[in-house]
Amino acid sequence: MRIVRLALEEKQVKYDLVEVDVFAKTGVPQEHLTRHPFGRIPAFEHGDFRLYETGAIVRYIDDAFPGCKLQATDPKARARVNQIVGILDAYGYRTLVWDIYVERVVSAREGRQANEEKIAAALPRAAVCLSELTRLSDDCGFLIGNSVTLADLYAAPIFACFMQAPEAVPLLAGCEKLICWWQGFATRDSMSRTRP
Ligand SMILES: N[C@@H](CCC(=O)N[C@@H](CS)C(=O)NCC(=O)O)C(=O)O
């Protein structure tokens with residue numbers, strides 16, 4: 001959900017945020033299923049146009065509103081942005097957020113035992129993910145090119161979680177480009193305005 005809010009913030013689009021607890025013990029609120037029949041977040045409305053799926057929403061926001069362009073126009077840069085988005089969606093989110101951050105950081109916060117096997121199994125996948133992000137990204141303050149793109153918007157919420165885990169330090173050895181990117185991106189206004 002933060003990805004969509006980051007897109008709106010970066011493009012300086014005004015929006016109303018409606019919080020929905022899809023993890024509520026009582027289940028997904030019934031009225032939310034009319035917005036998102038799969039019971040997930042985010043869902044988005046622009047007038048009477050309703051949309052769900054992050055990838056569709058952020059591309060619609062980029063196309064439908066003025067402001068900075070979040071999708072590169074150069075074919076190779078655009079492909080790299082989409083490749084990074086794909087990597088984060090398919091491998092990065094689950095590994096870095098659920099298997100490492102949630103197991104290590106959230107479990108401690110909630111006073112429960114971390115699942116060490118799950119964390120250990122995630123480490124090699126995390127290493128591949130981080131080394132690929134390092135290899136594929138540019139070195140100009142943003143992951144791809146010299147302005148913010150969907151690649152940054154997908155990566156930043158994941159990093160905001162993952163960087164809280166002690167595992168991040170050894171895993172990021174040799175990924176100076178990524179560390180440098182995160183140090184810069186974490187301080188953007190869009191990040192502080194969308195802090196959970
Ligand atoms: N493919 C969907 C995935 C959405 C998704 O899984 N959202 C998570 C929160 S980040 C969620 O709603 N989880 C609730 C659940 O798994 O029950 C998208 O990209 O929007």
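**Pockets and ligand surroundings in the predicted model**

In the lining of the second largest pocket, 13 residues are nonpolar, three are polar and six are charged (Ala, Val, Leu, Ile, Met, Phe, Trp, Tyr, Cys and Pro count as nonpolar, Asp, Glu, Lys and Arg as charged, and the others, Gly among them, as polar). The model is a predicted one, in which local features need pLDDT of at least 70 and side-chain atom pairs count only at pLDDT 80 or more, whereas totals for chains, interfaces and linings use all residues. Residues are numbered from 1 along each chain as its sequence is written, and side-chain values use heavy atoms, with hydrogens and water left out.

This second largest pocket has a volume of about 490 Å³. A pocket here is an open set of points on a 1 Å grid over the protein atoms alone, where a 1.4 Å probe fits, with protein on both sides within 12 Å along at least five of seven lines; lining residues have an atom within 4 Å of a point. Points are joined across faces, edges and corners, and the volume is the space filled by probe spheres set on them. Of the 22 lining residues, Asp 16, Val 18, Ala 43, Phe 44 and Glu 45 lie nearest the centre of the second largest pocket. Two or more residues of this lining come from each of helix 1, helix 2 (32-35) and strand 1 (43-46), and strand 1 gives the most, with four residues. Helices (H or I, at least four residues) and strands (E, at least two) are DSSP runs, numbered from the N terminus.

Turning to the largest pocket, its space amounts to about 1600 Å³. It is lined by 38 residues, and Met 1, Phe 23, Ile 41, Tyr 93 and Trp 98 are the closest to its centre. Helix 4 (75-109) is among the helices that each supply at least two lining residues, and helix 4 gives the most, with 10 residues. By class, the lining of the largest pocket holds 22 nonpolar, six polar and 10 charged residues.

The ligand, finally, is surrounded by Val 22, Phe 23, Arg 40, Ile 41, Pro 42, Glu 53, Thr 54 and Tyr 93 (a heavy atom within 4 Å). A polar side-chain atom of Glu 53 is 2.7 Å from a ligand nitrogen atom, and a polar backbone atom of Ile 41 lies 2.8 Å from a nitrogen atom of the ligand. On the oxygen side, a ligand oxygen atom is 2.8 Å from a polar side-chain atom of Arg 40.

Methods
Polar contact = N/O pair within 3.5 Å; in protein donor to acceptor, adjacent residues only side chain to side chain.
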